[in-house]
Amino acid sequence: MLRRSHKKSRAGCSSCKKRHIKCDEHRPVCVNCSTAGMQCSFASPAQSMTGPTLDESTTNKTLSPVLKINTPSPSSSCIDPALVPPHPYVNATHMELFYFIIDGADWASGGDHLRAARPHIVKYAFDYPFLLNQLLAISALHLSTRRPGQSSFYRKEATRLQTQGLRSFNETLQVLNHENIIPAFLFSAFQGIATFFETFHDPAFEARDWTTFLENIVQSFRLLQGVRGIVYPWWQFLLTSEIKDILDDVGEDAILCKDFSDEVVEQFESMRVHISQSPELDENQASACDKAMEELIFVYKSAFFKGEPAVGDQSAAKHATRWFLLAPAAYTELLVQQKPEALVILGQSAVVLHRLRACWNVGDAAHRLLLVVDAHLEDSWRATLSWP
């Protein structure tokens, strides 16, 4: 894969040197390691923020170490410290991005379900600069798809804003409480959207670095699962909060789509049985794969039980990241091990992404996903990709 030229950093951390990228030498953790969720050699074991992904059993009210540093990004977006200003700055581009937040109907995950909550989101963004930076970054990523000729400019600006927001988040938020849980949740959720987008819209995709691509997909899973772990103890509080309109359709979808079925659901159920009976999986692994398929079926049903989204309707965009959020952490670890059963399930999820391809944050993600699965799948399992 071609990589960006840079000046050598003689005093950089070992991780940056190993990855052949410029280190900003920021301590205790450099920006590149912080952004990629990697162990930085500048941090002592006591200082390191790397930790296990939280799940539903988490009751700890301190911020997840995964959320604090695991902001996965594709290899092409390793952050150049030269892009990050030492102090907050504002320019005309930010005014444009903010106007898109206020005026754009589909600026984040789309649809009417954000309209009622939008004033509250903006209010929290003014009180918490890390959230404002994140919102502007999402706006920039979206505009990069609307204005292809300026895509590079908006992507670079998104990287700059995300980096500034992450630094502020790590520096100002240490313990969750009733005052900061909403901005913390919003920041993490929008970071998940950004990470998903960057994973599947990597400009360096044509380089065919399938290993890096799969690593970025795994990082997307881990980040979104970290969001779930943080939110879980606060879920009931959030359901009665000012942003409830973003959340309360989840339970409604589960009820309305329960009995829905079509050819795709039948194919999913058939593959679910086939994988659960694989002799290569132990009981715990089979259970993790079964749960991942169960959640994939739910996401498909909730996205399409009312039919295909109308052309230009961005309200279904929220479903693009939902499976990444709901899939169990144990399944993600099977992806890390490149278990063929886990890879096949990942390939099956391309059906959902393909049907959401008109959404700004999805595009041709299904095609890319199938290519990376095919590149890692053993020959004996390739027949399972004949559908989708």
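Reader: Is Gly-192 buried or exposed?
Author: Gly-192 is buried, because its relative accessible area is 1%. Buried means under 20% relative accessible area, exposed over 50%, and partly exposed in between, with a 1.4 Å probe and protein chains only.

Reader: Where do these values come from?
Author: This is a predicted model, in which local features need pLDDT of at least 70, side-chain atom pairs count only at pLDDT 80 or more, and totals for chains, interfaces and linings use all residues. Residues are numbered from 1 along each chain as its sequence is written, and side-chain values use heavy atoms, with hydrogens and water left out.

Reader: Which helix holds Gly-192, and what does Gly-192 touch?
Author: Gly-192 lies in helix 8 (residues 181-200). Helices here are DSSP runs of H or I with at least four residues, strands are runs of E with at least two, and both are numbered from the N terminus. Not counting residues up to four places away in sequence, Gly-192 touches Leu-223 and Leu-224; contact means heavy atoms within 4.5 Å.

Reader: How many residues of helix 8 are buried?
Author: Helix 8 is mostly covered, as 19 of its 20 residues are buried.

Reader: What span should helix 8 have?
Author: At 1.5 Å a residue, helix 8 should span 28 Å, and its end C-alpha atoms are 29 Å apart, which agrees. The expected span is 1.5 Å times one less than the number of residues.

Reader: Now helix 19. Which of its residues are buried?
Author: In helix 19 (residues 365-376), the buried residues are Ala-365, Ala-366, Arg-368, Leu-369, Val-372, Val-373 and His-376. They line one face of the helix, because they fall within an arc of 165 degrees when seen down its axis. The arc is that of the directions from the helix axis to the C-beta atoms.

Reader: What covers the buried residues of helix 19?
Author: The cover includes helix 8, helix 9, helix 17 (340-348) and helix 18 (350-355).

Reader: Changing topic, how many aromatic pairs are there?
Author: The count comes to 19 aromatic pairs. Rings of Phe, Tyr and Trp (its six-membered ring) pair if their centres lie within 6.5 Å; planes under 30 degrees apart count as stacked, over 60 as edge-to-face and the rest as tilted. One of the pairs is Phe-221 with Tyr-331, which is edge-to-face at 5.9 Å centre to centre, with 70 degrees between the planes. This pair links distant parts of the chain, with Phe-221 in helix 9 (residues 210-231) and Tyr-331 in helix 16 (residues 329-336), 110 residues apart.

Reader: Which cluster includes Tyr-331?
Author: One aromatic cluster is formed by Phe-196, Phe-200, Phe-213, Phe-221, Trp-323, Phe-324 and Tyr-331. Both Phe-221 and Tyr-331 are buried, and Trp-323 is buried as well.

Reader: Last one: what about the whole chain?
Author: The chain has 19 helices and zero strands. Of its 388 residues, 55% count as buried.
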